[in-house]
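Visitor: I'd like to learn how to read charged side-chain pairs in a model. Could you walk me through an example?

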Amino acid sequence: MSEWQAVDFLLRAKRQTYAGNGGEEKEPCRPGAHDFRYEEEDYFYMDTYLGGRLFTGEEAVWQKQEKAAVPIWSMNYSGRTLADSFVTGFLKEALGLVDEKKPFRGPALYRKGEYLYHCSSCGSLEWFQGQEEIYYGTVKIYECIFHGGAVAYPFFFYNMLVIRAVPGAGRQDP
């Protein structure tokens, strides 16, 4: 497996699910949840969120191994729409422009007509945090914060290199 395969998978998964108007699961994993799944030979991705105008959710990636799928990466997000001029389609367009250098949400800036998407983040896939906003003209109409990183030791993503996750080698509770 090349060092870029996991990131490439994450980008494909994001573009094939919510951002790409992918189909929502008919049987959500939790009551009231909206679930989007994507799977390939070596990886499994799930984006699940609760709410609507006020929302919170999680994206996660599992690596398939001999005995079980091992969670290797996760991102939590929480946000809200602030005005009726918010358009879900514009958010999905921006999220579909995610790139390999910062594959968390959308690009740093994206503009279409009166809409402006802005995303800022710090960190790497191993450990990151950020926020995104949408403006209509000069009025903020949407905001979301996000954070996440690797959930397997050794860190799955280390300087964008893929290192095989070790089952059971994650954080041990005291």
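Predicted model: local features only at pLDDT ≥ 70, side-chain atom pairs only at ≥ 80, totals over all residues.

Visitor: Which side chain does Lys64 meet in a salt bridge?

Guide: Here is the general idea. Side chains of opposite charge can pair when their charged atoms come close. In this structure, Lys64 forms a salt bridge with Glu39, at 2.6 Å from N to O. Distant parts of the chain are linked by this pair: Glu39 sits in strand E1 (residues 33–39) and Lys64 in strand E3, 25 residues apart.

Visitor: How many salt bridges are there by this rule?

Guide: The count comes to 11. One of them joins the side chains of Lys14 and Glu59, again given as N to O, at 2.6 Å.

Visitor: Are Lys14 and Glu59 buried or exposed?

Guide: Both are buried. Glu59 also meets Arg105 in a salt bridge, with an N to O distance of 3.8 Å. Arg105 lies in the loop between helix H2 (88–95) and strand E5 (109–112), while Glu59 is in strand E3, so the pair connects parts 46 residues apart in sequence. Arg105 and Glu59 are both buried.

Visitor: Which residues are linked in a network of salt bridges?

Guide: That network links Lys14, Glu59, Arg105 and Glu132.

Terms used:
Residues numbered from 1 in each chain as written. Heavy atoms only, no water. Salt bridge = Lys/Arg side-chain N within 4 Å of Asp/Glu carboxyl O. Buried < 20%, exposed > 50% of the residue type's maximum accessible area, 1.4 Å probe, protein only. Helix = DSSP H or I, 4+ residues; strand = E, 2+ residues; numbered from the N terminus.
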